[in-house]
Amino acid sequence: MNKLYWLDQIKLQDRAKVGDKAFYLSKIIQHGYPVMPGFVVSAEILRQFLENLSSSESLVADLPHSSLHLDVTNWRQLQQVASRLRQEILTATVTQEWVSTIFQAAREWQTSCLILRPSLAVSTATPGINNNISGLLESVFCQCEPEAIARALKRTWSQIFRARSLLYWQHSGINLQQINLAVLVQPVENAIASGSLTANSSGWQIEATWGLGIAIALGEVQPDVYYIQPETGVVLEQQLGNKMLAYGVDDAASGTVSQPVPNSVLIPDRNCLITYLLPEAQQKQYSLQEEYLQQIISLGTQLVSELGKTFTIKWTITQQTTSDKLYITQVSPSQSIPHSHFIRGLGAAGGRVVATALVINPQQKPEQLPKGVILVVPTITPDWLPLLQQVGGIITEQGGLTSHAAILARELGITAVVNATSATTLIQTGERLLLDGDRGEVYRIKGDSKEEMDKEREENLLSSHHLNPKAPHASVTSHLPMIATQLLVNLSQSTLIEQVQNLPVDGVGLLRSELMVLNILNGQHPNSWILSGRQAELLELWSEQIMQFAHAFAPRPVFYRSLDWRSPDLPSLSDSLQSSPQSMLGERGTFSYLQNPAVFELELKALGSVQQAGYTNVNLLLPFVRTVEEFVFCRRKVEQAFLTEVVEFELWMMAEVPSVLFLLPEYVIAGVAGISIGTNDLTQLLLGVDREQGQLAKVFNERHPAVMGAIAQLIQMAKSADIPCSICGQAPALYPEIIDKLVEWGITSISVEPEAIERTYQAIARAEQRLILAAARRRLH
């Protein structure tokens, strides 16, 4: 290794060697701004490392000179190639001289923890390539010791061969020879607070949380937000976030002694960090004291002269021996959001997409939609599902985070904002919009310049299902710790099976029949099929749909939830011609089976056909059970369909009607084999709030003490009855911080949407490790 490039010494001619992330930081540190110190392992080192790889594999042998022309539309091939390339890198040996040089340099900081940040430069004239690719290449944490540094370096380098990276390079017309990946190494110190400042000409936004900023990056906290007027620095508005946990440095790794952190646990693959639960009083406080807030605003004002009016910085306030200090950790001189938002709603499904708006009146539902448009409607009902497969984004005026539009968007991986008041009035068909599903904001993009078209192309690439950092991808299963709590997935679309079946899940915890059958009903009610003599045809189609899931996940269990007649899903036959919506408390759940058993009986026959085909992994989950009598009726129907003759078959029920808190022992006596807690309905019924009403979003709180108390009681009652207890509502996916409590109380399994699998897996692992650590401490003391 010739040398390391220290941030305060990088020159203009070094830019291609150190990458843009490091170059921009060096620019402002050399102008006297408070930047976290660091040095760069140049892109040349990666090139030498790849050239020294010895492998008989043809894919690897030509690195780094290979252009890797593979068919990225073949997702399975893409995964296999990416996995093989990364494995070669992760198992190779890093030159000892390089590791020693990095270690000796890092020791100057006297820190126990390092962060390795990918710093990319692309040597290409291809327009529209933004080298600060958010979410594509991630930072890696490690202990400040040689072996850990070598592993972290390889993990950082290997990211350019992840499936989503290979997809991006090919879509952008970039060969591997054009990629210069350097690694910025910086110390990690305990922080009072961390966050970001995003500035543009229309307004500034500051986000903040307690501890290190990784909590925001992983989506595990909802940060505090401050809206600032750029000209005056005045705080126009501030919103308290939801911050149940924080991250810090593991002082035990360095042998130093600091204030003990209760309920803390080491992070898998980030073993120099700990995460810990914040005291309730601290959760209710803003993480930025007034003096720190003013420091950040002042810093932003100064940076305008250096970076212009549009930029983003990430910052941290570290705990120093004498006094605390504000540091800049990252800087991006420009953002692809060219204007301030003009509509704000609730971010229902993450990602960003730029596309043309299509405003539609729901009474004039079209037969098909143009591909890639941003659909703008007052509300979405599940019968729109076949139309949504091709859209690029969704904006609805109504609905909350657990509305049908939100659930559909998350499952399909479509960026969505709900509860966007007056969206159909403010937006016109044909306008180009940038839709930000993470922030819940809609931006209007003006002009049709080449620069704007390039931005649109990049935004859509980064927000596609395979590139969305929140979407499942090939690297999910890498470096995951073992967990004891079962992790299941919520599904309804067979088109997603191939993407999901290889994720680290133990089965399907909720197969939503209402959404599944919409693909085969052709807009007709199932009763219409039966009354018109097409029962056999419908039975065959229904069986085939269920069988696809049974086959893909066997021998893992699939919990098929039978139809729940609820508005606006599938109306009852008597209401199908009425224009007024059916009540959420109307003829739904198992009550509808008593009123009209024909369709339920057809479902049971379909399950029987699946069993007869040799699949024994499908169980039945009954929805919205109001009374023990309803359950007994359904159990008898199940027995008459001979489903119970397969010994593996289990009959479960949803625990979502609050009466189950009093009746569960009776349900168990009646034959319930397990329960799955539906937090969406349980919350709305306990709090008296319709979850479809976005304006009541602050009242619809799945973390309300009454809801959390009910969940705790159900888990305890299930344990006492010796039956499993799962949870399949949206709460764990939307608020991963509650997973700590679920695991502590003894939940058997947690089922979430595909996009939440990775963060839920990590949250379960941390929760389990925290419990193990707490038990070990109790034994020691």
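Helices (H or I, at least four residues) and strands (E, at least two) are DSSP runs, numbered from the N terminus. This is a predicted model: local features need pLDDT of at least 70, side-chain atom pairs count only at pLDDT 80 or more, and totals for chains, interfaces and linings use all residues. Residues are numbered from 1 along each chain as its sequence is written, and side-chain values use heavy atoms, with hydrogens and water left out.

**Figure 1. The whole chain.** The chain holds 27 helices and 30 strands. Of its 781 residues, 57% count as buried (under 20% relative accessible area; exposed is over 50%, partly exposed in between; 1.4 Å probe, protein chains only). Among contacts in the chain with a separation of 6 or more, 70% come from residues 24 or more positions apart. Contact means heavy atoms within 4.5 Å.

**Figure 2. Helix 18, end to end.** Helix 18 covers residues 535–553. Its 19 residues, at 1.5 Å a residue, should span 27 Å, and the end C-alpha atoms are 28 Å apart, which agrees. The expected span is 1.5 Å times one less than the number of residues. The buried residues of helix 18 are Leu 538, Leu 539, Trp 542, Ser 543, Gln 545, Ile 546, Phe 549, Ala 550, Ala 552 and Phe 553. An α-helix has 3.6 residues a turn, so residues three or four places apart point the same way.

**Figure 3. Helix 18 against helix 20.** Helix 20 covers residues 598–612. The two axes come within 8 Å and cross at roughly 50 degrees. Axes are lines fitted to C-alpha atoms, for helices over the stretch in contact, and angles run from 0 to 180 degrees between N-to-C directions. Helix 18 and helix 20 are therefore oblique to each other. Angles under 35 degrees count as roughly parallel, over 145 as roughly antiparallel, 65 to 115 as roughly perpendicular and the rest as oblique. Helix 18 contributes Gln 535, Leu 538, Leu 539, Trp 542, Ser 543, Ile 546, Met 547 and Ala 550. Helix 20 meets them with Val 599, Leu 602, Glu 603, Lys 605, Ala 606, Leu 607, Ser 609 and Val 610. The residues of this contact divide into eleven nonpolar, three polar and two charged. Ala, Val, Leu, Ile, Met, Phe, Trp, Tyr, Cys and Pro count as nonpolar, Asp, Glu, Lys and Arg as charged, and the others, Gly among them, as polar.

**Figure 4. Trp 542 and its surroundings.** Trp 542 lies in helix 18. Trp 542 is buried, at 0% relative accessible area. Leaving out residues up to four places away in sequence, Trp 542 touches Met 516, Val 517, Ile 520, Pro 526, Tyr 560, Leu 563, Val 599, Leu 602, Glu 603 and Ala 606. Met 516 is 26 residues from Trp 542 in sequence and 8.9 Å away in space, C-alpha to C-alpha.

**Figure 5. Helix 5 against helix 6.** Helix 5 (residues 96–107) and helix 6 (residues 146–158) pack at about 110 degrees, their axes 9 Å apart. They are therefore roughly perpendicular to each other. Trp 98, Val 99, Ile 102 and Phe 103 of helix 5 face Pro 146, Ile 149, Ala 150, Leu 153 and Trp 157 of helix 6 in the contact. The contact residues divide into nine nonpolar, no polar and no charged.

**Figure 6. Ile 427 in its loop.** Ile 427 sits between helix 13 (423–426) and strand 21 (432–436). Ile 427 is buried, with a relative accessible area of 2%. Beyond residues up to four places away in sequence, Ile 427 touches Phe 342, Ile 343, Ala 357, Val 359, Val 376, Ile 395, Leu 433 and Val 442. Phe 342 is 85 residues away along the chain, with 9.7 Å between the C-alpha atoms.

**Figure 7. Thr 318 in strand 13.** Strand 13 covers residues 311–318 and includes Thr 318. Thr 318 is buried, at 0% relative accessible area. Not counting residues up to four places away in sequence, Thr 318 touches Met 36, Glu 189, Asn 190, Ala 191, Asp 324, Lys 325 and Tyr 327.

Figure 8. Most residues other than glycine have a negative phi, and most peptide bonds are trans. A cis peptide bond joins Ala 554 and Pro 555, with omega about 5 degrees. Pro 555 is in the loop between helix 18 and strand 25 (558–561). Ser 422, not a glycine, has a positive phi of about 65 degrees. Ser 422 lies in the loop between strand 20 (415–418) and helix 13, and is partly exposed at 34% relative accessibility. Phe 642 also has a positive phi of about 65 degrees without being a glycine. Phe 642 is in the loop between helix 21 (628–640) and strand 27 (651–655), and is exposed, with a relative accessible area of 53%.
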